[in-house]
Amino acid sequence: MIVFREIILLLFALSALLIAVQCKKELSLSERVQQLSDAGTKKPVLRFNGDKFRQYVKGTPRNYSTIVMFTALAPSRQCGICRHAHDEFQLVANSWRYSQGYSNRLFFALVDFDEGPDVFQALRLNSAPVFMHFPAKGKPKKVDTLDIQRVGFAAENIARWVAERTDIQIRVFRPPNYSGLLALIVLLALVVGLLYLRKNNLDFLYNKTIWALGALAFTFAMTSGQMWNHIRGPPFLQKTQQGNIAYIHGSSQAQFIVETYIVALLNAAVVLGMILMTEAASKRDDVRKRRIYAIIGLGLVAFFFSLSLSIFRSKAHGYPYSFLLK
Amino acid sequence: MCVCVCVCVFDDRAWYPLGRIIGGTIYPGLMVTSAAIYHILNWLHISIDVRNVCVFLAPLFSSFTTIVTYHLAKELKSPGAGLVAAVMIAIVPGYISRSVAGSYDNEGIAIFCMLLTYYMWIKAVKTGTLFWSTMAALAYFYMVSSWGGYVFLINIIPLHVLTLMITGRFSHRVYVAYSSLYVIGTILSMQISFVGFQPVSTSEHMGAFGVFGLCQIHAFVDYVRSHLNKNQFDTLFRAVISTIAAAGVLTLAVLAALGKIAPWTGRFYSLLDPSYAKNNIPIIASVSEHQPTAWSSFYFDLQMLTFMFPVGLYFCFSNLTDENIFIILYGVLSIYFAGVMGVMVRLMLVLAPVMCILSGIAVSSLLSTYMKQIDDVKVEKKKQRFEGNYFMRSEIATLFVCVMSVFLVMYTLHCTWVTSEAYSSPSIVLSARGHDGSRIIFDDFREAYYWLRHNTPEDAKVMSWWDYGYQITAMANRTILVDNNTWNNTHISRVGQAMASSEDKAYQIMRELDVDYVLVIFGGLTGYSSDDINKFLWMVRIGGSTDKGTHIKEHDYYTPAGEFRVDKEGSPTLLNCLIFGQVYTEGGKPPGYDRVRNVEIGNKDFELDVLEEAYTTEHWIVRIYKVKDLPNRGA
């Protein structure tokens, strides 16, 4: 008898423990909504990994819809279109967050392939980006996936699709792009401020050397292809398949950022060499110093010219000439 | 104001059905020059065909450029510098690329005109006489008549004057030079009907006008200053300056708001903001000449000059005169523009002369310094007290002169190699090496154009992409819809819509434009990679950029994964559009294989309903289709 009672007590304790554990894992609806809206006020697009996705987007019961963008934003995935889609998605989410009708009925989320590959597998997605609407009740249907092929992923189109699926109207607000104007104003302010502060001592503006150095620096920057870097955005350097690091791009149509720095340095070295030689010949200083200048100058000129020639050779296939270095 | 002779010429065989007023849409300088040379030679009874005059015009003018460069560098530094600069510009690849015999384009004479204007301007600034200023204005007129790049000139000369004012070098000479140049030059430039009233209404020319006003004010202030004592002058100065500045800003704002001053046009705006073209105007971004420059392109076209140029800058700075300031400005500005937009040629071409001039200055200064120090073993003893002879001086000098000579020799070799490899091939006949090393010639373009010439009616209208417009007009002698002048974006966009739409929609567009034949380029059999399929995305972008083309969206032509593919995975819109059908009907060897994209074609059984194949050239590069008439009875 006593043993029987003990056993029943034990069973009670165990089940209570189990229920307690269960409750910890499965949050109630109100708690989930609370957590989502707290996170949503701070960041309109929530980032989910596999677990969070299952808990918030798939977990039942729900009284809210979620719009999820499945994407691959890591640079190694090289998905340029994902970045554009992300910007547009962010725009819609922001517009929703700051709109009049903002409520707990709709949330925007993002699942990155590198953070939640199991989700991709479960939903059988093999491309990115994909926009899906998960309604409060039931499973998503075919129309709950945005047909990017037909409609595109412009913010206005996403908002229209969301309105079709959830009857929630979002007015997309594109912030006007003042970045260029702002940069110009800041630059102007800096210049005026500098001039004002040093208005008693404006001599530095008249100093020829500073202008000369400025012009030379600008020339080195331009001839080493910095504008190309600015417009095309190449990688800093590349790791080849064998594990070596390639500093120089193999073809003459493209370049790496580190390569442009190397070329700028080479040019600067040759120019420095020539300037040293000129100074050595024309100054009236100590004889030994001049001699050393001249020798260093000559060495710099010859060595760095051959170096730049050999780098050019490695890029322009079929170029037959070299000097000193192969 | 427009008294241009050729304004009455109207070409109705290009840009059908719009036609084109030749006088008003091109720069006449090149044509007028060729005609003048032809007439003069024939008057002297040296009978040369006009075609030969045109072919050899560019090399002739590049010889003239060499002479002008010599004079320009001589004015800037010394005859020695002039010689070196002239030698360098004679072989620099950046300039040769655009002045080979047979390249009949504006740049051939424009560079000559530009350097001539600069030379006259430098002379005007140095002497301050009305004679040289007027010569500069005449040279400027010649420049305006030959190339749209004159805008660079009309901005760099005022910038030079402004810099002189800021550095306190403004003098009576500069005042005379600039005032006469601006007034006479602007009036003359407005005689070209293509330029018309732009010099007084567009933003690109407002800088010159502003500096002109500033010149007058500066000179007047100097005059007043010489007649008043200091205090009176200061008060007057401050009061007047503030009122004028306020009034000026107000007028400018009002004019801009009323739209009287046109904003910067797209092409020039993209120089200031390099990403503007890419985002907003597809036709500007698509021309491969408008791409930024990688460092190896600089090195390829200029080799030694890339590092002699900064040394030249250094020499100019250490010996600052009015003229040197000009060349420094010119150098720094042109290197910025060449870096932003210059890989194929246009702006690299403007950079090449200044690079040569500054490098010439550098090389000549270095060599003249060091040549003095070679040998003279006997004189050393005397100069011991002054120069402080240093042991090994003559050895170092000899070594340096040798190194410099090696550099110059390498420069020559490099230029020769580059010219023979890259800038010597005709672009209308292609060649390739076969398996056994023998050379195969692809003469398909001319074959197709001559077929058109002999086998189609005189008034047939041919639709193709704009790259081939001039060639069709010249060799096939048929009316075309769009050509390389690209002055009407909407018309080009219409052609793009026809190429990118399905057969039915395209047929409507073609009937509307009265098209009889369609010409497309296909590289899949030979591996020729600049065919119409590789250009196709530009057709889509330009086609979708106007009102009537809103149904054409670029992402329709990509696969769901975002790739541009022509095989089975390709997007259905792409596989069913007109140009796909034309290019790939029974195309490829083995049938259905594209050797450029290296895939098997996705839609092999394309049956064209509205077009029938008229001609395909030997290597399948050019394909011509005839547009069928409407059926006799309703379907």
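## Salt bridges, an interface and a buried threonine

B:Asp322 and B:Arg169 form a salt bridge, with the closest N and O atoms 3.6 Å apart; the term covers a side-chain nitrogen of Lys or Arg within 4 Å of a carboxyl oxygen of Asp or Glu. This pair links distant parts of the chain: B:Asp322 sits in helix 18 of chain B, while B:Arg169 is in the loop between helix 8 (150-166) and helix 9 (172-189) of chain B, 153 residues apart. Helices here are DSSP runs of H or I with at least four residues, strands are runs of E with at least two, and both are numbered from the N terminus.

A quick word on the ground rules: this is a predicted model, where local features need pLDDT of at least 70, side-chain atom pairs count only at pLDDT 80 or more, and totals for chains, interfaces and linings use all residues. Residues are numbered from 1 along each chain as its sequence is written, chains are lettered from A and ligands numbered from 1 in the order in which they are written, and side-chain values use heavy atoms, leaving out hydrogens and water.

B:Asp322 also meets B:Arg173 in a salt bridge (3.6 Å, N to O). With B:Asp322 in helix 18 of chain B and B:Arg173 in helix 9 of chain B, that pair ties together parts 149 residues apart in sequence. Salt bridges with shared partners also join B:Glu75, B:Lys123, B:Lys126 and B:Glu323 into one network. Over all chains, the structure holds 18 salt bridges.

| Residue | Relative accessible area | Class |
|---|---|---|
| B:Asp322 | 7% | buried |
| B:Arg169 | 28% | partly exposed |
| B:Arg173 | 31% | partly exposed |
| A:Asp51 | 55% | exposed |
| A:Arg54 | 38% | partly exposed |

Now for the interface. Chain B and chain A bury about 5300 Å² between them, 74% of it on carbon and sulfur atoms; buried area is the accessible area (1.4 Å probe) the two parts lose on being put together, summed over both. The elements giving two or more residues to the chain B side include helix 16 (295-302) and helix 21 (393-422) of chain B. The contact takes 56 residues from each of chain B and chain A, contact meaning heavy atoms within 4.5 Å. Across it, the rule finds 0 salt bridges.

Helix 16 of chain B is largely enclosed by the rest of the structure, because 7 of its 8 residues are buried. Among them are B:Trp295, B:Phe298 and B:Tyr299. After the helix comes B:Gln303, with a positive phi near 35°.

Finally, B:Thr456 lies in the loop between helix 22 (444-455) and strand 5 (461-463) of chain B, and is buried at 9% relative accessibility. Its side chain reaches the backbone oxygen of B:Leu452 at 2.4 Å. A polar contact of 2.7 Å also joins the side chains of B:Thr456 and B:Arg478. That term means a pair of N or O atoms within 3.5 Å; within protein, one must be able to donate a hydrogen and the other to accept it, and residues adjacent in sequence count only if both atoms are side-chain atoms.

Methods
Buried means under 20% relative accessible area, exposed over 50%, partly exposed in between (1.4 Å probe, protein chains only).
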